[in-house]
There are 2 protein chains.
Amino acid sequence: MTDPHPAQSRVGESNISGSTIDELCVNTIRCLAMDAVQKANSGHPGAPMGAAAMAYILWDRLLKHNPNDAGWLNRDRFVLSAGHASMLLYSLLYLTGYDLPFEELKRFRQWESMTPGHVERGPAPGVEVTTGPLGQGFGNAVGMAIAERWLADHYNRPGHEIIDHYTYVLASDGDLMEGVSSEAASLAGHLKLGKLIVLYDDNDISIEGSTDITFTEDVAMRFQAYGWHVVGPIDGLDMDAVDAAIQTAQKERNRPCLIICKTIIGYGSPNKANTGAAHGEPLGEEEVRLAKEKLGWPYPEPFTVPQEVLKHMRQAVHRGHEWQEEWKARLDEYRRAYPDEASRLEQDVWGELPPGWDEGLSDLFKNETKPIATRDASGKVMNAIAPRVHSLMGGAGDLSPSTKTILNGQGDFQSGSYCGHNMHFGVREHSMGAIANGMALHGGIIPYTATFLIFYDYMRPPVRLAALMGIRVIYIFTHDSIGLGEDGPTHQPIEHLAGLRAVPNLVTIRPADATETAEAWQVALERKQGPTALILTRQKLPVLDRSVLLPASGLRRGGYILWQAAEKPDIILIATGSEVHIALEAGKLLQKKGIFARVVSLPSWELFDSQPTEYRNEVLPPDIRMRVSVEAASLMGWERYIGLDGVAIGLKRFGASAPGEVVMEKLGFTAQRVANEASRLLQRRKE
Amino acid sequence: MTDPHPAQSRVGESNISGSTIDELCVNTIRCLAMDAVQKANSGHPGAPMGAAAMAYILWDRLLKHNPNDAGWLNRDRFVLSAGHASMLLYSLLYLTGYDLPFEELKRFRQWESMTPGHVERGPAPGVEVTTGPLGQGFGNAVGMAIAERWLADHYNRPGHEIIDHYTYVLASDGDLMEGVSSEAASLAGHLKLGKLIVLYDDNDISIEGSTDITFTEDVAMRFQAYGWHVVGPIDGLDMDAVDAAIQTAQKERNRPCLIICKTIIGYGSPNKANTGAAHGEPLGEEEVRLAKEKLGWPYPEPFTVPQEVLKHMRQAVHRGHEWQEEWKARLDEYRRAYPDEASRLEQDVWGELPPGWDEGLSDLFKNETKPIATRDASGKVMNAIAPRVHSLMGGAGDLSPSTKTILNGQGDFQSGSYCGHNMHFGVREHSMGAIANGMALHGGIIPYTATFLIFYDYMRPPVRLAALMGIRVIYIFTHDSIGLGEDGPTHQPIEHLAGLRAVPNLVTIRPADATETAEAWQVALERKQGPTALILTRQKLPVLDRSVLLPASGLRRGGYILWQAAEKPDIILIATGSEVHIALEAGKLLQKKGIFARVVSLPSWELFDSQPTEYRNEVLPPDIRMRVSVEAASLMGWERYIGLDGVAIGLKRFGASAPGEVVMEKLGFTAQRVANEASRLLQRRKE
């Protein structure tokens, strides 16, 4: 190791000669970052320059991956939690031989390039996860490490370590300031996830300047308190030190490891290194020139990759091929010895639902006559599914007795019994969401999370990222309205349904009863290209009598005619969830007064809006403008269905603490009120 | 000290005799909690029973407060972060003589009672803050402790310690699992908030059972890592031990203090103590009877308060009166010695805006001809206001160079210079929101926070609570759309405007240019009864030429006619923020084609919707149904203004990484597209 920069004089005057191949590789990464950001005239050069050495060592010496098969199951996972350091990862992918054309590095941050500003899963192979919002990648990695342990515990057999890989994270100061990483770290320590290794790029700089102004805690001690193995601080520019630290971390199998690497943001830049100015904007042509000079970089042309660098780093292709072939051979042996396990593993990993998995689900509540809360119905559906869909695994943010999400007899996921299906996330909703994303991304698990709908607010960022990445995560949100009662306005969601519905590629379903709940679960499991939120009641609801009403399978189209007093109704009542019963009762009250209503159950706006126009016009005929919507939530968005001529019954205020039925009545959610509004509306039209 | 329960046998068989007045008081609190929850048939008995002793000691011996004046400025603040333990606080308030009638304890969790399920600021005097969502109260308390130090540093003079009080928190396991408290604790340690004292009710139980299943970190070590002074673990049932611990904490003025109090959830309940069953549901009549027996409680009637208890605890009224009188005398002396400071202190504390504070603000950009981003305009407005409105204080979540929220020359808030106006929150958005709430609740500060709009997702819970409490906090959210460009979809808000607009009592304003930005700031500061969110661009926007357009003061009504080609337009184009310019350009394109458009700037839906019908009908005449909305965000909610006959131009997808103008164009936000849609709409009507 010849890096001449001792940590104590990090922005020193020493001559960086680039005399070894390792140093040349590292400087290539640094220069590509400077060049790409400069060309885009936008981006973050500082982090790639500071973390290049540590990331390079990991990728060149230790990371088990195969550039020719980014999807190899047993690869080590690498999560760039500091997603703004995207050029670091893009360079590594290109240099190690992933299918990322060199031209794409020059198209950094351009329309439809494979190299967007923050790393995104999708455009380029080898990017495990979309990151950028700080702390998320850290949480995702905990989820990946959980998935690895879960699959290993289920499928490995003595002498057959089919699932056995590390999960590495590169995290920044900002990642570790965010609460989500604190939560995830506490849980990872508790679970003794020994194969999780976090490289902390500790450069003491954030956007407002030195971390001295706000972040002076003892990070090492904090992580020790979580039960982590802490290595360092080491000099993160000293490649051999990084190598040794990672190897030390690998050997500790009972605790996750944090390696504290002291680095210098914008390393090499004579005027901007170690300052916030290196973080989020181009260095400038002249400073790039000076930095290259200081780094001893001899190539005047931007985007230069020395041949010897490419040759050295592309050895990853060969190594990766060998690793994967060796693993394939072992998998073959495993398949011979344990054919059933092997085929179930494949099913888990491909995320397939086994034949017959949904048999009888739609009839689960056929003979149910007593009222049942949709949260309870959901619990029954989950427990009917769980024995058939092995990969279903998840838990609640310390609310499982209330969310009814325990999978009976399926064990707890804990150190020592990693095969359990029930996660205990603790009162940590934010990391719960991030961890679930990591579980889904790893493969092998269809994760679900559960909490009260109000606490969706604590986990919005990971829900959004699941939608953005298009991964299958199932969110169970119970206690879905003011109908939850006494817990009061701090616990009564108002704006949350509107919030969920506004997220692209998220399907939100608020079933009206047990029968719709069973359908909703089927939709959620079948939907592989994005997350689904199930919105469930705390309070009991009648089971809709499908012998007189239209079938619950209508839920699959998002909205359907549930009942009507006449083929050509005077008015349409539209409702979701618990309010469907109110609308139905109102419809019958109106019928007695000679007003013919249609009642539409609209459990999922997204599913309904994606139906063909003819179907939508059949349910909501354009010429029937007399429409009343009923939902115990924010009015936001209801005009999409009722227009300017209808009436939306909803909430413009927060809820209140009182028994649920009292709150519902006081705030106007009664059949009589709905019937009155409907009558008035028709009356007004006549006038 | 006579409590016979050593920590090692906490659910022992010992006879609790209630032999001292202290024990009798504590048991009164426990029994009231059991009785009220039982009567409501809903609630959380366990935490009040376990924490009764520690809370009682604080309130009886150490907390400086005045039951006859819950608003006394220099009172110690008490934050029940574990808001579900509401009966604990209600009992303390009643017993120490606050204006909370005894009957209200019997109306626990009933409609319009003063005793809602989770504590709420408002109904009962003495409740400092609405809590329930875990971790929030902890963050609020950090904000209060900041406000105390800030006011003290500004106004105290040698020999005149006018502002000098503690902030106490009662926090649960759940509070400390949430990431928001981790963030807030890290910042509090950094800031050396020595007068913040957290009593940690460490009962090792959460809803899913023992914390062993998920929360096994070393909390003491974690807080030491944050720079806190940690006392304990002590026996939280041992009143003298609690007393001594708090006194120790009070003496340490350079570090916040965490006192770890080992307690037993549901203490006294023979069958439910120390189990999750004591947490969130009534114990049951029989168990209440058994618990009272075990506690040595001799009164068979529920809701019994022994006279000696009332007599003893009501001494708080006298003590509080004396404290406040003594303080008033000191304040009078101060006022004589420092009349200017005293009057400015009053102005700060009352949250008043000084006469002339807004002079010239509306003309700030009168002569501005160059395009200017609304974030930059906002920075200029803030810096014009700051020298006049002393109480304006806040900062960003490590983004101030980007959010343009530095108050120039107003100093940083740091230990050693607590009078600075610029907070450095670090990359900790969630606690930033909670801390701002605490600053506003304390009084003396009009807090603002700043981050990118996308990171509203990280701080939704405190924003909601600010709206629920009706407090003045100003949120600056910049980088407000896909127009931010290269940072890509992880940083481009889509659903966030809809989300903000759906929160009751939150006013959201998305100004179209610098002139509207100046108006928006005035609205935000004048709005005392709730929070305001200002939504600002990263990209530059032309300054609307008010010599030819209608004045920016129209912003105060939420929406206004900006320009029109004719008094009776064919079509209305409605837009907000950066898209107003597109709509305006489209209006002119249409004019050339002989189509007369009206352009409505609609920066704030909430302000517009609260206008009289006549005004709204003037801006959006009901008979003009041809309407096109343009907003580079989720379509959610736009049908409120365009109905079923209009066209909403917005986004159903996530954004993309590319230069801002490219993204805007590719995703359809151009004047030509708007004009085309408008023409097509009119064409369709004719067909």
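## Salt bridges across the model

Searching the whole structure, over all chains, turns up 78 salt bridges, each one a side-chain nitrogen of Lys or Arg within 4 Å of a carboxyl oxygen of Asp or Glu. Side chains of opposite charge can pair when their charged atoms come close. Keep in mind that this is a predicted model, where local features need pLDDT of at least 70, side-chain atom pairs count only at pLDDT 80 or more, and totals for chains, interfaces and linings use all residues. Residues are numbered from 1 along each chain as its sequence is written, chains are lettered from A and ligands numbered from 1 in the order in which they are written, and side-chain values use heavy atoms, with hydrogens and water left out.

## Pairs inside chain A

Take A:Glu341 and A:Arg157: they form a salt bridge, with 3.4 Å between the closest N and O atoms. This one links distant parts of the chain, since the partners sit 184 residues apart. A:Glu341 belongs to helix H13 (residues 339-350) of chain A, while A:Arg157 is in the loop between helix H5 (136-155) and strand E2 (167-172) of chain A. Helices (H or I, at least four residues) and strands (E, at least two) are DSSP runs, numbered from the N terminus.

A:Arg460 and A:Asp457 also meet through their side chains, at 2.8 Å from N to O. Are these two buried or exposed? A:Arg460 is buried, at 2% relative accessible area, and A:Asp457 is buried too, at 3%. Here, buried means under 20% relative accessible area, exposed means over 50%, and partly exposed is in between (1.4 Å probe, protein chains only). There's also a network of salt bridges in chain A, linking A:Glu148, A:Arg149, A:Asp164, A:Lys195 and A:Arg253.

## Where the two chains meet

Contact here means heavy atoms within 4.5 Å.

Each side has its share in the contact: 104 residues from chain B and 104 residues from chain A. Together the chains bury about 8500 Å², with 59% of that on carbon and sulfur atoms; this is the accessible area (1.4 Å probe) that the two parts lose on being put together, summed over both.

Between chain B and chain A there are 8 salt bridges. B:Arg625 and A:Asp645 meet in a salt bridge at 2.8 Å, N to O. B:Arg625 lies in the loop between helix H22 (613-619) and strand E17 (627-634) of chain B, and A:Asp645 in the loop between helix H23 (639-642) and strand E18 (647-651) of chain A, so the pair joins two chains. B:Arg625 is partly exposed at 24% relative accessible area, and A:Asp645 is partly exposed at 23%.

## A proline in chain B

B:Pro659 is in the loop between strand E18 (647-651) and helix H24 (660-666) of chain B, and is buried at 15% relative accessible area. Leaving aside neighbours within four places in sequence, B:Pro659 is in contact with A:Arg109, A:Gln110, B:Gly485 and B:Glu486.
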